[in-house]
Amino acid sequence: MANLLTWLVLGFIAGALAKLIYPGRQGGGIFATTLLGILGAMVGGWLGTVLLGGAVTGLNLTSIILAVIGAMLLIFLWGVFTRAA
């Protein structure tokens, strides 16, 4: 249960920071932000594991940075796919 709570907190932080940093106007409210943040945390964690050799664990600065990068990547991809439709 604590692991799920950590993912939710990290996802919320990452999603909010990604929306603040990413240029332009993105749709979606607090739930979309949190979902993108959680998915971004997963993508960022996976990239960190691949690139850094598994050095990403827990709720720390490296995890937050990678989660924000992952969330920004997902925001970019979401914009590409929604503009194409």
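Helices (H or I, at least four residues) and strands (E, at least two) are runs assigned by DSSP, and their numbering starts at the N terminus. With that in hand, welcome to the structure above.

The model is predicted, so local features need pLDDT of at least 70 and side-chain atom pairs count only at pLDDT 80 or more, while totals for chains, interfaces and linings use all residues. Residue numbers start from 1 along each chain as its sequence is written, and side-chain values use heavy atoms, with hydrogens and water left out.

**The overall picture**

The chain has three helices and zero strands, in the order α-α-α from the N terminus on. Confidence is given as pLDDT, the predictor's own score for each residue from 0 to 100. Its mean over the chain is 74, and 75% of the residues reach 70 or more. Among the elements, H3 has the highest mean pLDDT (79) and H1 the lowest (75).

A residue is called buried under 20% relative accessible area, exposed over 50%, and partly exposed in between (1.4 Å probe, protein chains only). The chain has 85 residues, and 29% of them count as buried.

Contact means heavy atoms within 4.5 Å. Of the contacts between residues at least 6 apart in sequence, 66% join residues at least 24 apart.

**Inside the fold**

A nonpolar core is a set of buried Ala, Val, Leu, Ile, Met, Phe, Trp, Tyr and Cys residues joined through side-chain atoms within 4.5 Å. The largest one here has nine residues: Leu10, Ala14, Ala18, Tyr22, Ala41, Ala67, Val68, Ala71 and Ile75. H1 and H3 are the elements that give two or more residues to this core, and H3 provides the largest share, four residues.

Ala18 sits in helix H1 (residues 2-21) and is buried, because its relative accessible area is 0%. Beyond its neighbours within four places in sequence, Ala18 is in contact with Val68, Ala71, Met72 and Ile75.

Gly37 belongs to helix H2 and is buried, also because its relative accessible area is 0%. Leaving out neighbours within four places in sequence, Gly37 touches Gly11, Ala14, Gly15 and Ala71.

**Partly exposed places**

Ala16 lies in helix H1; its relative accessible area is 28%, so Ala16 counts as partly exposed. Asn60 is found in the loop between helix H2 (30-52) and helix H3 (61-84), and Asn60 is partly exposed because its relative accessibility is 30%.

| Pair | Apart in sequence | C-alpha to C-alpha |
|---|---|---|
| Ala16 and Thr34 | 18 residues | 7.5 Å |
| Ala18 and Gly37 | 19 residues | 7.8 Å |
| Gly37 and Leu17 | 20 residues | 8.8 Å |
| Asn60 and Leu10 | 50 residues | 9.4 Å |

An unreviewed UniProt entry lists residues 28-52 and 59-81 under "transmembrane region". UniProt positions are given in the numbering used here, feature names are shortened, and annotations may be inferred rather than shown by experiment. In the model, residues 59-81 are 91% helix and 0% strand, and the end C-alpha atoms of this span lie 31 Å apart.
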